[in-house]
Amino acid sequence: MEESRRNERERGAADLGGKVLIMTAVDVERDAVLRGLGGERAGFDVLLAGVGPASAAARTSMALAGGRYRLVVSAGIGGGFTGKAEIGSLVVAKTIVAADLGAETPDGFLRVDELGFGSSVERVDGAAAMKLTEALRQAGLPAQLGAVLTVSAATGTAETAADRAERIPDAAAEAMEGYGVAVAASLAGLPVLELRAISNAVGPRDRGAWKIKEALDALEAAGKVLAEVFK
Ligand SMILES: O=C(O)c1cccc(C(=O)CC[C@H]2O[C@@H](n3cnc4c(=O)[nH]cnc43)[C@H](O)[C@@H]2O)c1
């Protein structure tokens, strides 16, 4: 069973049968993706993950148990690391990192890997991630590949932002669901992607400064590209 799942994953997103499952945290994100998919929705299911990795993992697993899918995508808005990802731009995950899964110690943070309890990094379908990033750029959208962090508590201070940026130097964006979606996809033997439209800077919490509309517009534009690339 494990070997057939591994073989399926190695064949990648392109040549497996089934639909593409897109999980968003909240309904305005789902609606933006659906607007972007437009008339090309037939090959896609866009479902709600809820906020946070636990809800995302549980709801993705439930969806995967009830349908036939070839690719799973975690999509939505996210925070961008300063100097890495600007508001209104798009980040496609090259890795999905559970940034707060582990243990604090007086000498610093220990990743769950260092504790010997599994992995804090979920691999994405690298070829599909590159293809999507290229297609987004071809469509004139500012897009880049970078590590996308999953956190249970959004960063709210400059200290936490600096700590996360130092521990994970290729971090471009932060959100709250990708790792949960990715673990569910991995258990089902399916490739995964994460796509984030940047609504705010990762750092001191300033909810009034979040550019939700800009991010949702970018997510909608990305939805059109998702339809072209994965139809
Ligand atoms: O208030 C609104 O109108 C609104 C519209 C769409 C989404 C929201 C959310 O608050 C969604 C929460 C969702 O956003 C992700 N996110 C966005 N920025 C960050 C961040 O800096 N750090 C972590 N997560 C972030 C996250 O995936 C949440 O699920 C509100």
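1. Let's start at the ligand: one of its oxygen atoms lies 3.1 Å from a polar backbone atom of methionine 176. That is a polar contact (a pair of N or O atoms within 3.5 Å). The protein covers 81% of the 600 Å² of accessible area that the ligand has on its own (Shrake-Rupley method, 1.4 Å probe).

2. A word on provenance: this is a predicted model, where local features need pLDDT of at least 70, side-chain atom pairs count only at pLDDT 80 or more, and totals for chains, interfaces and linings use all residues. Residues are numbered from 1 along each chain as its sequence is written, and side-chain values use heavy atoms, leaving out hydrogens and water.

3. Two further pairs are worth a look. An N or O atom in the side chain of arginine 207 is 2.3 Å from a ligand oxygen, while a ligand nitrogen is 3.3 Å from a polar backbone atom of glycine 79.

4. As for the shell, 18 residues surround the ligand, and the closest are Glu174, Met176, Glu177, Asn200 and Arg207 (a heavy atom within 4 Å). By class, the shell has 10 nonpolar, 4 polar and 4 charged residues.

5. Strands E3 (69–80), E9 (171–175) and E10 (192–201) each supply at least two shell residues (strands being DSSP runs of E, at least two residues).

Note on methods. A polar contact is a pair of N or O atoms within 3.5 Å; within protein, one must be able to donate a hydrogen and the other to accept it, and residues adjacent in sequence count only if both atoms are side-chain atoms. Helices (H or I, at least four residues) and strands (E, at least two) are DSSP runs, numbered from the N terminus. Ala, Val, Leu, Ile, Met, Phe, Trp, Tyr, Cys and Pro count as nonpolar, Asp, Glu, Lys and Arg as charged, and the others, Gly among them, as polar.
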